[in-house]
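User: I'm new to reading protein models. Could you walk me through one, feature by feature?

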Amino acid sequence: MRIDVVTIFPELFEAFLRTSLLGSAREAGVLAVEAHDLRRFTHDRHRSVDDVPYGGGPGMVMKPEPLVEAIEALAGPKGPDRGARVILLSPQGTPFHQARAVELAGESHLVLVAGRYEGVDQRAVELAVDEELAIGDYVLCGGEIPAMVAIEAVARLVPGVVGNPASVETESFGDARLEGPQYTRPAVFRGLEVPAVLRSGNHAAIARWRAEQAFEWTRRRRPDLLGRRREEGS
Ligand code: 4GX
């Protein structure tokens, strides 16, 4: 899979993309992820990417020309022949969830657009963006961290990115349940003991206990998840 990001802060992605699973997957050639400086697609002396809003009001709006030029350079013109899916991260987008991450992991090429300021000229959205995603109901300063959230959620589902595929399958949200508690050594820490069943070697009892704990945690912490159908993912 290939992922391109359009941003005015490509340097924010450097350490992120070099680190851990993403770093290894990129080195192994399983994944190609690149951040592109939006200012490279400007033509004026000041390399402007924003301007005042029509109608007045606070803040600035991202200009359409550099954005559309950048997106078209990376994804081609919008339409049925475009080989990529272009996603704008925005609080006005559709809520991002695990089921959407699973779908996006099946794409061959994503272009993520990270905006700043009050937003993006609507004509750029209409002309070049396929979809808008929101990572949560809060307002950040820019789309860079939302883009990183989408990259991590999607990339780890791409075959070969996570070494052990079992860890992608059995975890939280795959079946719209939270996971229960996890323990590692030592068996007793500051007087707190690891539940005996996990040390019993009885694999059927362990599986049953884990399923019960997962259900109990979901019921207490996220009862909203229990009402949902499996197809909805999370
Ligand atoms: N989930 N932000 C985007 C600028 C902006 C505003 C409007 C397009 C339209 C966010 C979120 C988020 C802050 C990213 C504002 N771009 N993105 N940015 N929550 O808060 O995705």
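Analyst: Let's start with how covered a residue is: buried means under 20% relative accessible area, exposed means over 50%, and partly exposed is in between (1.4 Å probe, protein chains only). Arg85, at 25% relative accessibility, therefore counts as partly exposed. Before we go on, note that this is a predicted model, where local features need pLDDT of at least 70, side-chain atom pairs count only at pLDDT 80 or more, and totals for chains, interfaces and linings use all residues. Residues are numbered from 1 along each chain as its sequence is written, and side-chain values use heavy atoms, with hydrogens and water left out.

User: What does Arg85 form a salt bridge with?

Analyst: A salt bridge is a side-chain nitrogen of Lys or Arg within 4 Å of a carboxyl oxygen of Asp or Glu. Here the side chain of Arg85 meets that of Glu131, at 2.7 Å from N to O. This pair links distant parts of the chain, 46 residues apart: Arg85 sits in strand E5 (residues 85–95) and Glu131 in strand E7. Those labels are DSSP runs numbered from the N terminus: helices (H or I) have at least four residues, strands (E) at least two. Glu131 is buried, because its relative accessible area is 12%.

User: Which residues are linked with Arg85 in a network of salt bridges?

Analyst: Arg85, Arg100, Glu103 and Glu131 make up that network. By the salt-bridge rule, the count comes to 13. One of them joins Asp224 to Arg222, with the closest N and O atoms 2.9 Å apart. Asp224 is partly exposed, since its relative accessible area is 40%, and Arg222 gets that label too, because its value is 29%.

User: Now a helix, please. Which residues of helix H2 are buried?

Analyst: In H2 (residues 20–27), they are Leu22, Gly23 and Ala25. They cover an arc of only 165° around the axis, so they lie on the same side of H2. That arc is taken from the directions from the helix axis to the C-beta atoms. The face turned away from the buried side carries the exposed residues Ser20 and Glu27. Just after H2, Gly29 takes a positive phi of about 80°.

User: What do the buried residues of H2 pack against?

Analyst: Helix H1 (14–18) and H6. For packing we look for contact, meaning heavy atoms within 4.5 Å.
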